[in-house]
Amino acid sequence: MLFAQQEIKVSAKGTLRDDQELSLIIQTASAEDISAFAVTPDKRFVLTASDTTPRIWEIASGRLIRELGGHSEPVIAISISPDGTKIATAAGPELRVWNLATGQLAHSVRSTTRIRRWLQFGNSGNELYFGSDFGLHRWSLDAKSPESILPNKFDVRGNMATAT
């Protein structure tokens, strides 16, 4: 199999000097751009997605730790819980939450709207916030479905929500 190399530059304030960057070269199975990435709070792992499969990489060695399967559409957003134990991925209308240590799927839900590149855990790590063309939404991980918290009051474009 041919691999394409992609470089991710990670600012690791607190671990490196402020003027240093950590550069991690990742080999992907295709030449597609990485569509989403996130770094764990302890700066040990970087998560990437360039297709339907999120991947966990060890920063120190550059080694692929695990692939997380199950999405049928390309992953467009990744978030890591504040305590670094959970990973959230978004693909189309689907949200998935994984256990970082085991790679096991912990929660999954389909939204009534497509997620638009904005996904963030709340401070407790038990809620996810995401943007769509129809506003901002919250999913409490113990709830069966997400709820709209700012419907039609916000226009979400890319990674930035702006008041209309």
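## Model and confidence

pLDDT stays under 50 over residues 10-18, and the model has 10 contacts beyond four places in sequence for that stretch. The structure is a predicted model. Another stretch with pLDDT under 50 covers residues 153-164, for which there are 26 contacts beyond four places in sequence. Where pLDDT is low, the predicted coordinates should not be read in detail.

Averaged over the protein chain, pLDDT is 76, and 68% of the residues score at least 70. Among the elements of the chain, strand β7 (residues 77-80) has the highest mean pLDDT, at 94. The lowest mean, 46, belongs to strand β16 (residues 160-163).

## Overall composition

The protein chain contains zero helices and 16 strands. Of its 164 residues, 41% count as buried. The accessible surface comes to about 9,000 Å², and carbon and sulfur atoms account for 48% of that area.

Contacts can also be sorted by sequence separation. Among those between residues at least 6 apart in sequence, 34% join residues at least 24 apart.

## The sheet β3-β4-β5-β6

Four strands form an open sheet in the order β3-β4-β5-β6, and their pairing is antiparallel. At its edges are β3 (36-39) and β6 (64-67), each of which pairs on one side only. With direction ignored, neighbouring strands of this sheet are turned by 20° against each other on average. Strands of a sheet pair through backbone hydrogen bonds, either parallel or antiparallel.

Inside this sheet, strand β4 (residues 45-49) pairs with strand β5 (residues 54-58) over five bridges, in the antiparallel sense. Residue A49 stands opposite P54 of β5. The loop between β3 and β4 holds K43. Phi of K43 is near 65°, which is a positive value in a residue other than glycine. K43 counts as partly exposed because its relative accessibility is 25%, and that class lies between the limits of 20% and 50%.

## The sheet β7-β8-β9-β10

A further open sheet of four strands has the order β7-β8-β9-β10, again with antiparallel pairing. β7 and β10 (105-110) stand at the edges with a single partner strand each, so one side of each has no neighbour in the sheet.

β7 pairs with strand β8 (residues 86-91) in the antiparallel sense over four bridges. The two strands make a hairpin with five residues between them, and G84 in the turn has a positive phi of about 75°.

The side chains of E94 and R96 are joined by a polar contact of 3.1 Å. Beyond its neighbours within four places in sequence, E94 is in contact with G70, H71 and T89, and also with S108, V109, R110 and I115.

## R138 in strand β13

R138 is placed in strand β13 (residues 135-140). Its relative accessibility of 23% is the reason why R138 counts as partly exposed. R138 and E127 are separated by 11 residues in sequence, and their C-alpha atoms are 6.7 Å apart in space.

Methods: Residues are numbered from 1 along each chain as its sequence is written. This is a predicted model: local features need pLDDT of at least 70, side-chain atom pairs count only at pLDDT 80 or more; totals for chains, interfaces and linings use all residues. Side-chain values use heavy atoms; hydrogens and water are left out. Two strands pair if DSSP finds at least two bridges between them. Axes are lines fitted to C-alpha atoms, for helices over the stretch in contact, and angles run from 0 to 180 degrees between N-to-C directions. Buried means under 20% relative accessible area, exposed over 50%, partly exposed in between (1.4 Å probe, protein chains only). Contact means heavy atoms within 4.5 Å. Accessible areas come from the Shrake-Rupley method with a 1.4 Å probe; for residues, only the protein chains shown count as cover. A polar contact is a pair of N or O atoms within 3.5 Å; within protein, one must be able to donate a hydrogen and the other to accept it, and residues adjacent in sequence count only if both atoms are side-chain atoms. pLDDT is the predictor's confidence in each residue, from 0 to 100.
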